[in-house]
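Here is a walk through one protein model, from a single strand pairing out to the overall fold. Have a look at the structure first, then read on.

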Amino acid sequence: MIQIGMHQLKKGGRLQEMLPVVNHELELPFCAVSGEKEGPVVLISAGIHGAEYIGIQTAMELSREIKPSQVNGTIIFLLVANPQAASSYTRLFVPEDGKNLNRMFPGKKDGTLSEKIAYTIEKELQNQADFYIDLHAGDSHESVMPFVYYAGAAKEKVSEASRKMAEATGMSLRVRSSATTGSYNFAAIQGIPSILMERGGGGVFGLKELASYKQEVKNVLAHLRVLKDVSPPAKKFQTEVLTASYIDSEHQGFWYPAKKPGETFQKGELLGTVKDVWGNVLQACYGQYDGIILYETVIMGVRKGDSLIAYGCTSNPCDPNS
Ligand SMILES: [Zn+2]
């Protein structure tokens, strides 16, 4: 039997409840579906960045569509991890403290709201999960190509299981992440094979894109044998990116990307510029190796320190100095 907050989930049952954040009045909506048979517990979270709506919609629809009779084990859906940002104009931060929830793991029960949410997710949800899928998207100011990160900074066995989950999505590109502070990275360091999926952006999405996202999540659930009577997806070729680079703005100004997510480029090509109001170039961003654009900011106005662009290496070796 699974216990989430005050709520107990019995075999063959379904829960649709709110999970209180430790030492705070905020509650997080979740849904959990349990089959009759024992099996792994899979945690699926969405909305860690509140305006990444396609991830939230994917979790909400799957949580309503998947019935206990279709499940081996348990699927826990954390539907909106950062609800304040989901309905505000704050980009990816938790409005109350201005922090990026995905950089707050492990949290603190007596910290600010972001830290309390992270603590609650870790103690109440991650601690009972065997596998973890974190659904993201381009935020309201971003656009991403569809791809999946898998946790690389964990024990080799955990990274390998994470890589297999990434492969099972059927997405065309996976990125090995060396980060340690993200929700899924932290979970993997605790021994839970984990991935983070990315798709869409700009706060909008179409039905076709939503259907693709749902299918990719189901592919992973089939691979884990948590969805009954669904065959694991046929293996597709997937490019692996072992090195990724992230460029932040060095100035307040206007951002003009030169490429689109999913576009490839050669070492030394211009990826975008930040200009001042007079049109003077403040910062020019160049590819340090042959690569592909993973995601980028698509709104013009940027502040110093804002993320501009992320790209991955498509050839090896990826030493920028070679
Ligand atoms: Zn995100």
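Which residue in β18 stands opposite F254? In this predicted model, F254 faces G301 in β18.

## Ground rules

Residue numbers start from 1 in each chain and follow the sequence as written. Because the model is predicted, local features need pLDDT of at least 70 and side-chain atom pairs count only at pLDDT 80 or more, while totals for chains, interfaces and linings use all residues.

Strands here are DSSP runs of E with at least two residues, helices are runs of H or I with at least four residues, and both are numbered from the N terminus. Two strands count as paired if DSSP finds at least two bridges between them. Strand β13 (residues 253-257) runs antiparallel to strand β18 (residues 301-302), with two bridges joining them.

One of the residues involved is P257, whose bridge partner in β15 is G272. Put together, you get an open sheet of four strands in the order β16-β15-β13-β18, with antiparallel pairing. β16 (281-286) and β18 are the edge strands, each pairing on one side only.

Stepping back, the protein has six helices and 19 strands. Its C-alpha trace spans about 65 × 45 × 35 Å along the principal axes. The radius of gyration, taken over C-alpha atoms, is 20 Å, which agrees with the value near 20 Å for a compact globule of 322 residues; that rule is 2.2 Å times the number of residues to the power 0.38. Of those 322 residues, 48% are buried, where buried means 20 or more other C-beta atoms within 10 Å of the residue's own, exposed means 12 or fewer, and partly exposed is in between, with C-beta atoms placed from the backbone. Two residues are in contact if their C-beta atoms, placed from the backbone, lie within 7 Å. Among contacts with a separation of 6 or more, 68% are between residues 24 or more positions apart.

The protein splits into domain 1 (2-223) and domain 2 (243-313), with bounds that come from an automatic or database domain assignment. Their centres, over C-alpha atoms, are 28 Å apart. Where they meet, 10 residues of domain 1 are in contact with 11 residues of domain 2. Strand β8 (residues 142-151) gives the most to the domain 1 side, namely five residues. That side is made up of four nonpolar, four polar and two charged residues. In this scheme Ala, Val, Leu, Ile, Met, Phe, Trp, Tyr, Cys and Pro are nonpolar, Asp, Glu, Lys and Arg are charged, and the others, Gly among them, are polar.

## V144 in β8

What does V144 touch, leaving aside its neighbours within four places in sequence? It is in contact with A137, G138, E198, R199, G200, G201, P261, L294 and Y295. V144 lies in strand β8 and counts as buried because it has 23 C-beta neighbours inside 10 Å. As for G200, it is 56 residues from V144 in sequence, yet the C-alpha atoms are 5.6 Å apart.

## Helix α4

Helix α4 (residues 156-168) has 13 residues and covers 18 Å from its first C-alpha to its last, close to the expected 18 Å; the expected span is 1.5 Å times one less than the number of residues. Its buried residues are V158, A161, S162, R163, M165, A166, E167 and A168. They pack against β7 (131-135), β8, β9 (173-177), α5 (183-189), β10 (194-201) and α6 (207-223). After the helix comes G170, with a positive phi near 85 degrees.

Most residues other than glycine have a negative phi, and most peptide bonds are trans. The peptide bond from F105 to P106 is cis, with omega near -5 degrees. P106 sits in the loop between α2 (83-86) and α3 (113-125).

N23 is not a glycine, but its phi is positive, about 55 degrees. It belongs to the loop between β3 (14-20) and β4 (27-34), and with 13 C-beta neighbours inside 10 Å, N23 counts as partly exposed. R225 also has a positive phi, near 65 degrees. R225 is in the loop between α6 and β11 (239-241), and its 13 C-beta neighbours inside 10 Å make it partly exposed.
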